[in-house]
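Here are my notes, jotted down while going through the model. Have it open alongside and check the points as you read.

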Amino acid sequence: MRIAVIGAGLIGQAWAIVFARGGCEVCLWDADPAAQTQAVKLIEQLAVTLQTRGLIADASAIVSRIATADSLEDALANVDYVQENLPEKIEIKKEIFSRMDALTGPDVVLASSTSSIPASAFTEALPGRGRCLVAHPVNPPYLIPVVELCGAPWTHAEIIDRAAQIMTEVGQKPVRVNAEVQGFVLNRLQGALLREAFKLVQSGCVSVEDLDVTVKDGLGLRWSFMGPFETIDLNAPEGVRDYCARYGDMYTSIAQQQTSTDAWSEETIAAIEAQRRALLPDDSLLDRRVWRDERLMALMQHKKQMDDPGCA
Ligand SMILES: NC(=O)c1ccc[n+]([C@@H]2O[C@H](COP(=O)([O-])OP(=O)(O)OC[C@H]3O[C@@H](n4cnc5c(N)ncnc54)[C@H](O)[C@@H]3O)[C@@H](O)[C@H]2O)c1
């Protein structure tokens, strides 16, 4: 399968690795030639790191499947699927989708990595709008496999199916978002948790550090291998209905105290920032990001082994 990756920034580089790791021929293009050259260097380094961690078998084979193009036209020649990764601006998305629609055959799937712009906002006027959708990754998609697929009202069901199939074939975990809700599903869940976390810290109920402990040494341990619905299904003797009967009233009562829609206040942000900087000074942020990525790689290695005990 031939894939065009349009835009070679952070997310474009990551998608190039995902598709090449999945055995696809990838053509990468960016309007800025320097960004494109830099992207290839970073991809080479990243592939070696992933090989060292046992997350890919052969870095050089993956890199050899990634070519670059001198123009959008060249990048889109004979492709089956396009993943767009330009900056998060609606005018840029409109322009690139209009060009991609004009330059590709009607069966080519055109997907955007956009985090927040619904496909209907940049595809409405296109003759080929039925083959356009959002395929929203989580950064970095070569380590975090979830990808949210969300079409516009006019996106054909077969296109979503094809995108889901392609994503599955390259090792991602597609999630179908069946309506154009802001933030799709992942960021809505993250937003709900953050809102309550801010509120609990603001009221002095818990410190920033202890709130993070509650998630990383509590809820999050289960969440790395099963979701909240499977969690509650297993947390009452008779399953999900039994759980709701036992704890439903408590959650309803909590929900009635969670109705505020206020923006996060400057005072709360400053308090959280102060507590975080006391735990992690400014000049350690970069090192800690490297630590985060290493932990994530180790976790994915572990999950891979648990899912497929036969592989080393
Ligand atoms: N960064 C994240 O964590 C993340 C996560 C999920 C989704 N996304 C989405 O992915 C998309 C890309 O984000 P990113 O973080 O990779 O951005 P980025 O700034 O790292 O990369 C954007 C690239 O687009 C190129 N570019 C800019 N204008 C262009 C044009 N008109 N034509 C061709 N190339 C152009 C730039 O040279 C740059 O290399 C955005 O829509 C963003 O919302 C980002």
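1. Ground rules first. This is a predicted model, where local features need pLDDT of at least 70, side-chain atom pairs count only at pLDDT 80 or more, and totals for chains, interfaces and linings use all residues. Residues are numbered from 1 along each chain as its sequence is written.

2. Overall fold. The chain has 13 helices and eight strands; these are DSSP runs (helices H or I, at least four residues; strands E, at least two), numbered from the N terminus. Its radius of gyration is 22 Å, close to the 20 Å that the globule rule gives for 312 residues, so the chain is as compact as a globular protein of that length. That radius is taken over C-alpha atoms, and the rule is 2.2 Å times the number of residues to the power 0.38. Along the principal axes, the C-alpha trace spans about 55 × 45 × 45 Å.

3. Packing. Of the 312 residues, 26% are buried, meaning 20 or more other C-beta atoms lie within 10 Å of the residue's own; exposed is 12 or fewer, partly exposed is in between, and C-beta atoms are placed from the backbone. Among contacts with a separation of 6 or more, 63% join residues 24 or more positions apart (contact: C-beta atoms, placed from the backbone, within 7 Å).

4. The ligand shell. Which residues come nearest to the ligand? Out of 21 around it, they are Gly9, Ile11, Ala31, Ser115 and Asn139, where a residue counts as near if its C-beta atom, placed from the backbone, lies within 6 Å. Two elements, α1 (10-21) and β6 (132-137), each give two or more residues to this shell. The largest share, three residues, is from α1.

5. A cis bond to look at. Asn139, one of the nearest residues to the ligand, is joined to Pro140 by a cis peptide bond with omega near -5°. Pro140 sits in the loop between β6 and β7 (146-151).

6. Positive phi, two cases. Asn78, in the loop between α4 (72-76) and β4 (81-84), has phi near 60°. Phe184 has a positive phi of about 50° and lies in the loop between β8 (173-176) and α8 (186-202).

7. Buried or exposed? Asn78 counts as exposed because it has 11 C-beta neighbours inside 10 Å. Phe184, with 21 other C-beta atoms within 10 Å, is buried.

Note on methods. Contact = placed C-beta atoms within 7 Å.
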